[in-house]
Amino acid sequence: MNASATVRRMLNIPGIPMTFILIAAVIVFQVLNPIFLSPGTMDNFLTNAAPILLLTLGVAIVIVGGGIDLSVGTVAGLSAGATMVTLVGGAPLWAGVAVGALTGLLFGLLNGFLVAVLRIDDFIATLATLNIAAGLLVVLSQAAVLQGATTPGFAAITRGDVFGIPISFVVALGLFLIAHLVLSKTVTGRRLYAIGVSAEASNVAGVSVPRVRLFTFVVSGLLAGVAGVLLASRLGAVQAFLGIGYEFTAIAGAVVGGIALAGGIGNVWAALIGGLFLLTIQQGLRLNNVDPVYFSIVTALAIVFGVVFDRQVRRVLLRGALARTAAAVDERRVSEEGVR
């Protein structure tokens, strides 16, 4: 009975059901191709996953507050381009990193201004900035490949490791931890969830909805900027249109991880699991020589399966909890009638 209750409690934790699916996917791909979990393959996977996971984190924070950010992919691409141009021009490493992060931050401020101050629908606003960022990258690169950065330490940002774990992935985990602490332990985090549930009620309660929403877009933009720096370091070259389509994986990862599109529900660790699940599917398909044309189809099916599985588990757990509550009430009523 205690073991059953423990299992129920675990499955009620956001992200746990998806964790089981992630583990199952890893086992299947390892059986299909034994190099899936080899050290070299895992190092490459975690390094490539870090920028996408940062985009997933930024999107998840915005969605929890009841918004959406479609611009994260192209903003990351533009940030990568800005970083590369700065370093190729002879600037020191810190300047290149700062320019990349600042580029993302400025777009976050722009998104926040359009949504929170001008009251433009966030879907429309971020769709516009998506295209602005993509266009600026084309202008910046002049439709050519940006490359040639020889700044000492730049490549090491993504090629170094900490106890065998790629530095870029460690950075991503650290930012997930900071985001978790902010959302779960601070007043700002509680206000963010409240706005996601009902912006109108939060406004009546005295919460500055525009300020909190501005905060979410700024964070999302900054994380996209950091992701761009990691992309530039990893690839060593930046092409026009880099980052287009990344927003799909980021948003899908957050939703698969249990972040409700309606807002107010979910946590960043569940979004991390959701993002890892989608990236694992793509990695497994790639290693098994599946034509990339089918990636989007399989990924879409994986999203549907993951969301349905997570909801079914929660529905079963809720039904069981209601049945146990009803049984306890009946038992108490019978006991009281016996005393009378």
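A crossing of two helices is called left-handed if the near helix is turned anticlockwise from the far one by less than a right angle, and right-handed if it is turned clockwise. The views below come from a predicted model, in which local features need pLDDT of at least 70 and side-chain atom pairs count only at pLDDT 80 or more, while totals for chains, interfaces and linings use all residues. Residues are numbered from 1 along each chain as its sequence is written, and side-chain values use heavy atoms, with hydrogens and water left out.

**View 1. Helix 4 and helix 11 cross in a right-handed manner.** Helices (H or I, at least four residues) and strands (E, at least two) are DSSP runs, numbered from the N terminus. Two packed helices are described by the angle between their axes and the distance between the axes. Here the axes of helix 4 (residues 72–88) and helix 11 come within 7 Å and cross at roughly 50°; axes are lines fitted to C-alpha atoms, for helices over the stretch in contact, and angles run from 0 to 180 degrees between N-to-C directions. Helix 4 and helix 11 are therefore oblique to each other, in a scheme where angles under 35 degrees count as roughly parallel, over 145 as roughly antiparallel, 65 to 115 as roughly perpendicular and the rest as oblique. The contact (heavy atoms within 4.5 Å) involves Val72, Val75, Ala76, Ser79, Ala80, Thr83 and Met84 on helix 4, together with Ser220, Ala224, Gly225, Ala227, Gly228, Val229, Leu231 and Ala232 on helix 11. Sorted by class, the contact of helix 4 with helix 11 has 10 nonpolar, five polar and no charged residues, where Ala, Val, Leu, Ile, Met, Phe, Trp, Tyr, Cys and Pro count as nonpolar, Asp, Glu, Lys and Arg as charged, and the others, Gly among them, as polar.

**View 2. Helix 4 also packs against helix 6 (residues 122–141), at an angle of about 25° and with the axes 8 Å apart.** That angle makes helix 4 roughly parallel to helix 6, and the crossing of these two helices is left-handed. From helix 4, the residues Thr74, Val75, Gly77, Leu78, Gly81, Ala82 and Val85 meet Thr129, Leu130, Ala133, Ala134, Leu136, Leu137 and Leu140 of helix 6. The residues of this contact of helix 4 with helix 6 divide into 10 nonpolar, four polar and no charged.

**View 3. Thr74 is a residue of helix 4.** With a relative accessible area of 1%, Thr74 is buried; buried means under 20% relative accessible area, exposed over 50%, and partly exposed in between (1.4 Å probe, protein chains only). Leaving aside neighbours within four places in sequence, Thr74 is in contact with Thr129, Leu130, Ala133, Ala134, Leu242, Gly243 and Ile244.

**View 4. Helix 9 (residues 187–197) has Gly189, Leu192, Ile195 and Gly196 among its buried residues.** Seen down the axis of helix 9, the buried residues fall within an arc of 125°, so they line one face of the helix; the arc is that of the directions from the helix axis to the C-beta atoms. These buried residues pack against helix 3 (39–64), helix 8 (167–185), helix 10 (199–204) and helix 11 (209–235).

**View 5. Helix 9 and helix 11 have axes that come within 10 Å and cross at roughly 105°.** Helix 9 and helix 11 are therefore roughly perpendicular to each other. Their contact is made by Thr188, Arg191, Leu192 and Ile195 of helix 9 and by Val209, Val212, Arg213, Phe215 and Thr216 of helix 11. By class, this contact of helix 9 with helix 11 has five nonpolar, two polar and two charged residues.

**View 6. Val218 belongs to helix 11.** The relative accessible area of Val218 is 18%, and the residue is buried. Not counting residues up to four places away in sequence, Val218 touches Leu105, Gly108 and Leu109. The C-alpha atoms of Val218 and Gly112 are separated by 6.6 Å, although these residues are 106 residues apart along the chain.

**View 7. Arg119 and Phe241 lie in loops.** Arg119 is found between helix 5 (93–117) and helix 6, and has a positive phi of about 60° although it is not a glycine. At 63% relative accessibility, Arg119 counts as exposed. Phe241 lies between strand 4 (237–238) and helix 12 (246–256), and its phi is near 75°, a positive value in a residue other than glycine. Phe241, at 52% relative accessibility, likewise counts as exposed.
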